[in-house]
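Welcome! Here is a short briefing to read alongside the structure shown below.

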Amino acid sequence: MSDKRLHVTEPFMPALEEFLPYLEEIWDSRVITNNGPLHQRFEQALAEYLQVPRINLVANGTLALVVALQALKIEGEVITTPYSFVATSNALLWNKLRPVFVDIRPDTCNLDPGLIEAAITPDTSAILAVHTYGTPCDVAAIQKVADRHGLKVIYDAAHAFNVRLDGESLLTFGDLSTISFHATKVFHTVEGGAIYPSRQLLKEQVDFLKNFGFANETTVTAPGINAKMNEMSAAMGLLQLRYADQCIARRLAIAARYREALAPVDGLRTLQHGDNVRWNGAYFPVFLEALTRDQRDAVYEAMKRDEVYGRRYFYPLLTDFPMYGGIPSAAPENLPNARKIADSVICLPIYPTMTDGDVERVIA
C-alpha cells in the first residue's frame, strides 16, 4: 500500500514554543486555579468547538463522574455496564450507590438496552452507560426505557470527544455526559475532564459541587469536592484544541488502514460505525474470536516481544474485581457477551504521531 493512500495529515507534535506564551500569561497573572482567565477562555472555546451550549471543566474524568452523579442527586441502584474502565463503577461506590450490571451488545460493546428493563427495581434511580471506544450507545432505546420508569441517564463519554450522531454532539443525549482529557485520550489536557449538563441549572450546580460546594465566599450549598481544572491544564487544552481536527483525521486514517488490512483475517473482527456516526478514532479494538483467552494472551505477549504494545482493553471485566464480584448481577451467567468480548479483545496502537511504517509494522 502506498503512503499516499494512508496519509490524511502528517504526524504532528505541538511545539514547545507554542506553549510558552500560555506559561508566561499564567506567570504574569499569578492565577493558577479557581476559574482563572485561561480556564474561562478554554471553557468557552471548548463549548464552541464541540457545538454545545455549555460545558463544565473539571480536574479529571473520574471526578467528572463523581460530580455528575452528585449533581443529579442519584440514590439507590444504578444500572451500568461490566465492560468499562474501573472509574465508571468506582464513581458509583464513591457516591454510595449500588451498581447493577447488565450485559453488552457484541456489535458495539455498549450496554444492551433490551436487557435494562428486567434489571430495574423500586430502588433503581439511573442508568450509567458508556460510549465504549467512542462508539455511540443506542441512545434512543436507552432513553425510552428511562422515560418509562422515570430514570436519569448519565453517559460516560470518556472516549467520545467530538463524536457526533446524526449531526448532533454525542454529549447532548441523556441528562449529563462526562468526558476524560487524560493524556491517553484523543484530546487531552494532561489530566482533566468535562461535564456536559443538559440544563443551565445543572451547570450552575456542577460549578458549586466542583469547588467544595461554595456558592460565594461564605456560603456552602452542598457537600462538594475539589474537582477544579487548573490554569496549566486549561493552557494545554487551548493549545491542543488547535490540533484536534488534525489529530482525529490522522487517527481515522490509521483506523481505515487497519480495517482494510485486517478484514481478510479469519476469526478476527473489528468494530464498524454507521453512516450516521462521525467517529473520532479513539481506540482500535480487534476481537480474536476464533481463539481462547489463553491464545489471545499469547498473541498479546508475542506482539510485546516484537515491541508492538497493544492493550487488552477492557480486561478483566469490572465484575472480576473483588469489590464487585459478590453483587448478584455480576454472576458470569448474566454477562456472556461481556465475558466473550473481554477474553478476545486487543486494542492496537493508534495515535497521531504514528508513522505509516509504524502502522504497517503493527499490521504485519
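## A first look around

The model is a predicted one, so every value here is computed from predicted atoms.

- Setting aside residues up to four places away in sequence, T132 touches Y83, T108, C109, N110, H159 and F314.

**Cis peptide bonds**

- One of the residues that T132 touches, F314, is joined to Y313 by a cis peptide bond, with omega at about 25°.
- F314 belongs to the loop between α11 (293-305) and α12 (322-325).
- P316 is also found in the loop between α11 and α12.
- The peptide bond leading from Y315 to P316 is cis, and its omega is near 0°.

**Helix α3 and its two faces**

- Which residues of α3 are buried? They are L38, H39, F42, E43, L46, A47, Y49 and L50.
- Looking down the axis of α3, you would see these buried residues within an arc of 160°, which means that they line one face of the helix.
- Q44 and E48, on the other side of α3, are exposed.

**The loops on either side of α3**

- N34 is found in the loop between α2 and α3.
- The phi of N34 is near 60°, which is a positive value in a residue other than glycine.
- Is N34 buried, partly exposed or exposed? With a relative accessibility of 47%, N34 counts as partly exposed.
- Q51 follows α3 and has its place in the loop between α3 and β1 (56-58).
- Q51 is not a glycine, although its phi is positive at about 60°.
- Q51 has a relative accessible area of 55% and is therefore exposed, given that exposed means over 50%.

**Helix α14**

- Helix α14 takes in residues 356-363, and D356, V359 and V362 are buried in this helix.
- Down the axis of α14, its buried residues fall within an arc of 125°, so they line one face of this helix.

- A68 has its place in helix α4, which covers residues 61-71.
- A68 counts as buried because its relative accessibility is 0%.
- Apart from its neighbours within four places in sequence, A68 is in contact with L176, T178 and I195.
- A68 and Y196 are 128 residues apart along the chain, and their C-alpha atoms are separated by 9.1 Å.
- G237 is found in helix α9.
- G237 counts as buried because its relative accessibility is 0%.
- With neighbours within four places in sequence left aside, the contacts of G237 are F42, F187, H188 and T189; F42 is one of the buried residues of α3.
- G237 and I127 are 110 residues apart along the chain, and a distance of 30 Å separates their C-alpha atoms.

**The largest pocket**

- How big is the volume of the largest pocket? It is about 600 Å³.
- The lining of the largest pocket is made up of 33 residues, and A183, T184, K185, R251 and Y351 lie nearest the centre of the pocket.
- The elements that give two or more residues to this lining are α2 (16-29), α9 (231-242), α10 (244-262) and β13 (345-348).
- Sorted by class, the lining of the largest pocket holds 25 nonpolar, 5 polar and 3 charged residues.

Key
Residues numbered from 1 in each chain as written. Predicted model: local features only at pLDDT ≥ 70, side-chain atom pairs only at ≥ 80, totals over all residues. Heavy atoms only, no water. 1 Å grid on protein atoms, 1.4 Å probe; cavity = no way out; pocket = protein on both sides within 12 Å on 5 of 7 lines; lining within 4 Å. Points joined across faces, edges and corners; volume = space filled by probe spheres on them. Helix = DSSP H or I, 4+ residues; strand = E, 2+ residues; numbered from the N terminus. Nonpolar A, V, L, I, M, F, W, Y, C, P; charged D, E, K, R; others polar. Buried < 20%, exposed > 50% of the residue type's maximum accessible area, 1.4 Å probe, protein only. Arc of directions from axis to C-beta. Contact = heavy atoms within 4.5 Å.
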